[in-house]
Amino acid sequence: MKQPLPHDLLWGLRPEQLPADAPAWARGALAGRVPVVVRRAPAEPGWVAIGVRGEQRGQRFATWMRVADVARHVSPEAVARAGRWRAHHQPHWPAVQALTQLAPLLNEQGMAWGVTGSLGFELASGVAATHPDSDLDLLLRAPYFLSHDRARTLCSLLEGVFARVDVQLETPVGAVALREWAAGNGRVLVKTQAAPLLLADPWSAQGAAA
């Protein structure tokens with residue numbers, strides 16, 4: 001199968017495959033067959049770095065999973081295409097309203113986009129993870145250079161929405177906040193697989209400052 005990417009959701013990790021120091025809540029979550037979330041961290045060949053989410057906000061456990069054990073794989077883009085927020089049990093929650101408002105606008109932009117964070121997890125898994133104050137987390141695939149002007153145009157879509165919206169540009173190097181790149185203030189923080197870097201060009205790792 002294709003190597004999972006950060007924010008992808010994976011099913012197939014079993015409680016007994018967790019390391020001995022894993023907390024009880026993480027084992028309980030996997031017993032309930034919830035997915036794990038691919039995180040940005042180095043991994044050995046054939047493995048992927050993942051995080052287990054618990055019911056409480058602070059419950060996150062970082063570990064690794066064999067790619068061969070993945071039984072189901074859902075990307076943020078697949079969550080967006082499925083459109084399940086249209087039947088969300090709380091359609092008036094700000095994050096859900098914001099997604100309803102932004103989805104058609106993003107579809108017009110010609111960029112692949114997806115839903116991440118708590119709402120993406122809930123829409124893909126059916127496991128309750130959001131609350132009335134939840135942010136809306138989105139990603140935009142940006143395989144090629146995106147100008148500051150283009151980034152500012154994308155930011156303008158976020159004006160007047162119903163919730164706090166965090167949009168990450170996913171470049172070949174890593175992830176950068178859309179608003180930070182749109183500001184055009186020199187180097188920006190890029191989250192890479194190895195470590196965060198300060199880069200003038202998030203599409204090139206040259207000239208990095210750790």
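Visitor: Where does Gln 168 lie, and why is Gln 168 called buried?
Guide: In this predicted model, Gln 168 is part of strand β8, residues 165–170. Its relative accessibility is 11%. Buried means under 20%, so Gln 168 counts as buried.

Visitor: What makes the pair Gln 168 and Asp 166 a polar contact?
Guide: The side chains of Gln 168 and Asp 166 are joined at 3.4 Å. The cut-off for such a pair of N or O atoms is within 3.5 Å, and the 3.4 Å contact therefore meets that limit.

Visitor: Which residues does Gln 168 touch, leaving out those up to four places away in sequence?
Guide: Gln 168 is in contact with Leu 138, Leu 139, Leu 140, Ala 175, Val 176, Ala 177 and Lys 191.

Visitor: How do you know that the buried residues of α1 line one face of the helix?
Guide: Helix α1 covers residues 24–31, and Ala 26, Ala 29 and Leu 30 are buried in it. Viewed down the axis of α1, these buried residues fall within an arc of 95°, so they line one face. On the other side of α1, Ala 24 and Ala 31 are exposed.

Visitor: What covers the buried residues of α1?
Guide: The cover includes strands β2 (36–38), β3 (47–53) and β4 (60–66).

Visitor: Why is His 7 called partly exposed?
Guide: His 7 has a relative accessible area of 28%. His 7 lies in the segment before β1 (9–11). Its phi, near 85°, is also positive in a residue other than glycine.

Visitor: Why does Arg 187 count as partly exposed?
Guide: The relative accessibility of Arg 187 is 45%. Exposed would require over 50%, and buried under 20%, so Arg 187 counts as partly exposed. Arg 187 is found in the loop between α6 (178–183) and β10 (188–191).

Visitor: How many residues separate Arg 187 and Arg 152 in sequence?
Guide: They are 35 residues apart in sequence, and 16 Å apart in space, C-alpha to C-alpha.

Methods
Residues numbered from 1 in each chain as written. Predicted model: local features only at pLDDT ≥ 70, side-chain atom pairs only at ≥ 80, totals over all residues. Heavy atoms only, no water. Helix = DSSP H or I, 4+ residues; strand = E, 2+ residues; numbered from the N terminus. Buried < 20%, exposed > 50% of the residue type's maximum accessible area, 1.4 Å probe, protein only. Arc of directions from axis to C-beta. Contact = heavy atoms within 4.5 Å. Polar contact = N/O pair within 3.5 Å; in protein donor to acceptor, adjacent residues only side chain to side chain.
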